[in-house]
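Me: Got a fold here that I'd like to talk through. Can you take my questions one at a time?

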Amino acid sequence: ALGIYLSGHPLEKYRRQLQVLADLTIPDLEERSENGPVTLGGIAVAMKETMTKKGDRMAFVTLEDQGGSVEVVVFSDIYQRSAHLLKNPGLPLLVRGTVAQEEKGPKIIAQEVRSLEAESDKIPPALHVRLHTDGLDQDRLLRLREILQRHRGPIPSFLHFISPPQAEHVLALPPALHLKPSSALREEINQLFNYSVLEY
């Protein structure tokens, strides 16, 4: 009732998962451009359900993380699919949507609402980059390093150097090159080598 969590904020135990799944925190929304896509985690601390002119239910949800709160507009089609999550007090959520910058501050127009815990189960425990040593040169390795640096995150990552016929050497990357898995990371690495390199 006072906005104080005696046992710590419910999102605290999801810190690592949010580093992977979310783009930003609620205070960061001020810097996002109008209509920019965002994914963020939080808890629905208040919800106002209303009816559209067509008679469909929609909702205005106050989403809170450890840094602040933001209003999320959940139109009827999204609300139909996510009402069971939004009405579950204290349930950590992952919200994907677009930013609407208004005079009173940013709002989120929801495109998808999911359970943070369910999405966390999809995070791989490690990432494996498998490189064939045949044709591997310093230029590609330097470009690979640039890609890895752009996609830093909390997931431990390993380089596998594969030499025919059966030799394989594995190198654990340092924490500074741990990664945030994404389709963009996979596409960039696979495109650099022209074969499937990254495995989840």
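Me: Where is N194 found?
Reply: This is a predicted model, where local features need pLDDT of at least 70, side-chain atom pairs count only at pLDDT 80 or more, and totals for chains, interfaces and linings use all residues. Residues are numbered from 1 along each chain as its sequence is written, and side-chain values use heavy atoms, with hydrogens and water left out. Helices (DSSP runs of H or I, at least four residues) and strands (E, at least two) are numbered from the N terminus. On that numbering, N194 is in the loop between α5 (183-193) and β10 (198-199).

Me: Is N194 buried or exposed?
Reply: Most residues other than glycine have a negative phi. N194 isn't a glycine, yet its phi is positive, about 65°. Buried means under 20% relative accessible area, exposed over 50%, partly exposed in between (1.4 Å probe, protein chains only). At 63%, N194 is exposed.

Me: And which loop holds N35?
Reply: N35 also has a positive phi, near 70°, without being glycine. With 54% relative accessibility, N35 counts as exposed. Its place is the loop between α1 (15-21) and β1.
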